[in-house]
Amino acid sequence: MFSKHVTKDLSAYCHGELSNAESRQLAEHLISCSKCRTKLEEIKLGIRLAEQLPQHSAPDYLWTELEPLIEKQKPTPLRLAPKQHPFVAVWQTQFVAIAAVLVLVTTFGIFWVYRNRPVPQTPASWEVARIDGTPRIGSAGISNKGQLAVGQWLETDGNSRAKIAVESIGQVEIDPNTRVRLLQTQPTEHRLELAHGKMSARIWAPPRLFFVDTPSAVAADLGCAYTLEVDDAGASLLRVTSGWVALQLRDRESMVPAGAACRTRRGIGPGTPYFEDASEQFCQALTKLDFEQNATSASRTAALDVLLGESRARDTLTLWHLLARVEGKDRIRVYEKVAGFVPLPAGVTREGILQLDQQMLQLWRDKLEASWSSDLLVPKPVAEAYWRLKNGASRRVIKLNK
Ligand SMILES: [Zn+2]
């Protein structure tokens, strides 16, 4: 990992001018350095603005104004002050002429440089390598390697698998019976659509640069490794093996750390994240709370009874998310369970939490998070950097148009 700041390489990074190894090192530094990440956001904004600039020819008036100016200097000496020496007058004449030419050359030069500036080297396609069988891009089978262009589908049958190089930010493996489409690849955003099947992603880019749209939520990478599968009904299961992933549909968001999983349903979005080593009864009760829309309040209360009874300290990951998803007495019961494991930090009140005060919820979560990390799976600096980013950075709202 870089120990020094990487600000001077950020522009080259955004334009894909670094080697894969350099990009990866830089991305690792970004995960743990808020200063460089702030700079990266500024550069990305600059790139987005520059991409929107129209290109124009030098306007005619520039020439029509400059030509007479130069012409005017040739025959007519400058008006002299009474005591001025003729040499000064001649010198001034030449000076103005030279200055006019310099202005002209500089203006033309800027225009020329702008017009001929190197275009960012962002390939509009990703390299796909066959692992097994014959994966297809569009209607063409891949025997060894292929290119997946923006808008194209990559499809595997029951016997084929493929690997995609996501530019210099990571790689994605596509399991059998899977259909994915490349939606966008730009320095500021890479986006796949997973229609059905299963993919495994390993991403070393800075957080929120790589997204996967599914029929029921968007997965935003936060520097991590995970698998994502989508069934025929459009429901998905996310399992995170390192770092963090955010699952989002409109204003419903679940943050999923390593060792945890989260289910999604079409029309509902992400459920509540849970650790995979939670008890079976815990998981079943959670599914009921998350997705059984016609459940009676008695049956929801019964599910919450089971869930609270089965909760361990690290299941406060689930309970903390549930605070905003249950109401009234149920919220009070969830609050009390969490408070039994980890007391409120200074400045946070019971009333504030029950009223879903965002700042207080965040402070409590920072304290709870110590019991969510799995030391084997989540490097602590990554988890800490993630929360700093989440707490400090302005967040883009990602919406599915479905
Ligand atoms: Zn730095």
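Trainee: Is lysine 145 buried or exposed?
Mentor: This is a predicted model, in which local features need pLDDT of at least 70, side-chain atom pairs count only at pLDDT 80 or more, and totals for chains, interfaces and linings use all residues. Residues are numbered from 1 along each chain as its sequence is written, and side-chain values use heavy atoms, with hydrogens and water left out. Buried means under 20% relative accessible area, exposed over 50% and partly exposed in between, using a 1.4 Å probe and protein chains only. Because lysine 145 has a relative accessible area of 53%, this residue counts as exposed.

Trainee: Which residues is lysine 145 in contact with, leaving aside its neighbours within four places in sequence?
Mentor: Lysine 145 lies in strand 4, residues 145–149, where strands (E, at least two residues) and helices (H or I, at least four) are DSSP runs numbered from the N terminus. The C-alpha atoms of lysine 145 and arginine 130 are separated by 6.1 Å, although these residues are 15 apart along the chain. With contact meaning heavy atoms within 4.5 Å, the partners of lysine 145 beyond four places in sequence are Glu127, Val128 and Ala129.

Trainee: What is the phi of asparagine 177?
Mentor: Most residues other than glycine have a negative phi. Asparagine 177 is found in the loop between strand 7 (170–174) and strand 8 (179–186), and at 46% relative accessibility it counts as partly exposed. Although asparagine 177 is not a glycine, its phi is positive, at about 55 degrees.

Trainee: Where is leucine 356 found?
Mentor: Leucine 356, which is not a glycine, has a positive phi of about 60 degrees. With a relative accessible area of 22%, leucine 356 is partly exposed. Its place is the loop between helix 10 (350–354) and helix 11 (358–368).

Trainee: How are helix 7 and helix 9 oriented to each other?
Mentor: Axes are lines fitted to C-alpha atoms, for helices over the stretch in contact, and angles run from 0 to 180 degrees between N-to-C directions. Helix 7 and helix 9 (residues 328–341) pack at an angle of about 0 degrees, with their axes 11 Å apart. Angles under 35 degrees count as roughly parallel, over 145 as roughly antiparallel, 65 to 115 as roughly perpendicular and the rest as oblique. Helix 7 and helix 9 are therefore roughly parallel.

Trainee: At what angle do helix 6 and helix 7 pack?
Mentor: Helix 6 covers residues 280–291 and helix 7 covers residues 297–310, with their axes 8 Å apart. The angle at which helix 6 and helix 7 pack is about 145 degrees.
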